[in-house]
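Walk through this structure one site at a time.

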Amino acid sequence: MKIVRYQINGDSPKYGWLLDDKVGEIVGDIFGEYRRREAKIPVANVKLITPCAPSKIVCVGRNYVEHAKELGNEVPKIPLIFLKPPSSIISNGENILLPPQSNQVEHEAELVIVISKRARNVTPDQAKEFIFGYTIGNDITARDLQNIDGQWTRAKGFDTFCSFGPWIDTEFDASDAVVTCRVNGQMRQMASTRDMVFNVSILIAYISSVMTLEPGDIIFTGTPAGVGILKNGDVVDVEIEGLGKLSNPVKV
Ligand code: ZN
């Protein structure tokens, strides 16, 4: 099932489910008890926003060997994690804004895990029970500031630097899916999720040994090789095979 959030005429956001080009409202708690109404609202008549509203955005750095190498870094022995603030979130179609402090804003195409229920000290064997589904993400990064600062809060935390969506697929098989990034139609990144250093179950176990994960929290699972610069007027498309496409224009 594909889960979305949507607004009609600026009303408060509702959860829904997507069937072809129609949306049906979901009533109740999307992470608990809910009912699905008939999918009869044309998707063209609603504004799709991010498919959940996370309390935390946890990200994994250097989780593909070739990407760690391209930036001259070692492959981590344990997962390297960092946070992006919820204020950085944008949805499919919204503008990525280039901040004046950086001359090197880059795309990072990533598979994103959505958490289904409170997770604390979960083992890798239990981890699948805590996955609500998957979505598509772009972990936008000011690479020059990341290098200057040493720690990554500024480089990863600008407004508009966290794009994800357009939906959550609750049945997606994340074990071997091709993740691509195109800028103005030109291929920049392509790899399979099979090539992750730490798989989805290990990541959930590791992160939940540090911080409690809440329903709707999201985990960016790292980016493949091929990261590159974004310029004013570009359009960046992140696509995951079998899951969908996330597209954002770049503006100053
Ligand atoms: Zn990343």
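Asn138 sits in strand β13, which spans residues 131-139. Strands and helices here are DSSP runs, numbered from the N terminus: E for strands, at least two residues, and H or I for helices, at least four. The model is predicted, so local features need pLDDT of at least 70 and side-chain atom pairs count only at pLDDT 80 or more, while totals for chains, interfaces and linings use all residues. Residues are numbered from 1 along each chain as its sequence is written, and side-chain values use heavy atoms, with hydrogens and water left out.

Is Asn138 buried or exposed? Asn138 is buried, at a relative accessible area of 1%. Buried means under 20% relative accessible area, exposed over 50%, and partly exposed in between, with a 1.4 Å probe and protein chains only. The Asn138 side chain reaches the backbone nitrogen of Glu108 at 3.0 Å. Contacts (heavy atoms within 4.5 Å) of Asn138 beyond four places in sequence include Ile96, Phe161, Cys162, Val236 and Leu246.

Several of the next residues belong to a sheet. This open sheet has five strands in the order β10-β20-β19-β16-β17, with mixed pairing. The edges are β10 (96-97) and β17 (186-192); each has a single partner strand, so one side of each is left without a neighbour in the sheet. Two strands pair if DSSP finds at least two bridges between them.

Take the pairs in turn. Strand β16 (residues 178-183) runs antiparallel to β17, and six bridges join them. Arg182 stands opposite Met187 in β17. On to β19 (residues 235-240): β16 and β19 are antiparallel, with five bridges. Here Val183 has Val236 as its bridge partner. Next comes β20 (residues 244-251), antiparallel to β19 through six bridges. Glu239 is bridged to Lys245 in β20. In a regular strand the side chains alternate between the two faces of the sheet.

The hairpin of β19 and β20 has three residues between the strands. Gly242 takes a positive phi there, near 80 degrees. Gly244 lies in β20. Gly244 is buried, with a relative accessible area of 17%. Its contacts, not counting residues up to four places away in sequence, are Ile136, Trp167, Val238 and Glu239. The C-alpha atoms of Gly244 and Ile168 are 9.6 Å apart, although 76 residues separate them along the chain.

Now the cysteines. How many disulfides does the structure hold? The structure has zero. A disulfide here is a pair of cysteine sulfur atoms within 2.5 Å. For Cys162, the closest cysteine sulfur is that of Cys59, at 6.5 Å, too far for a bond. Cys181 is in no disulfide either; its nearest cysteine sulfur, in Cys162, is 15 Å away. Cys162 is buried at 0% relative accessibility. Cys181 is also buried, with a relative accessible area of 0%.

Last, the largest pocket. Its volume is about 260 Å³. A pocket is an open set of points on a 1 Å grid over the protein atoms alone, where a 1.4 Å probe fits, with protein on both sides within 12 Å along at least five of seven lines; lining residues have an atom within 4 Å of a point. The lining of the largest pocket has 18 residues, and Lys128, Tyr134, Ala174, Ser175 and Val200 are the closest to its centre. Two or more lining residues come from each of β13 and α4 (200-208). β13 gives the most, with four residues.

Terms used: A polar contact is a pair of N or O atoms within 3.5 Å; within protein, one must be able to donate a hydrogen and the other to accept it, and residues adjacent in sequence count only if both atoms are side-chain atoms. Grid points are joined across faces, edges and corners, and a volume is the space filled by probe spheres set on the points.
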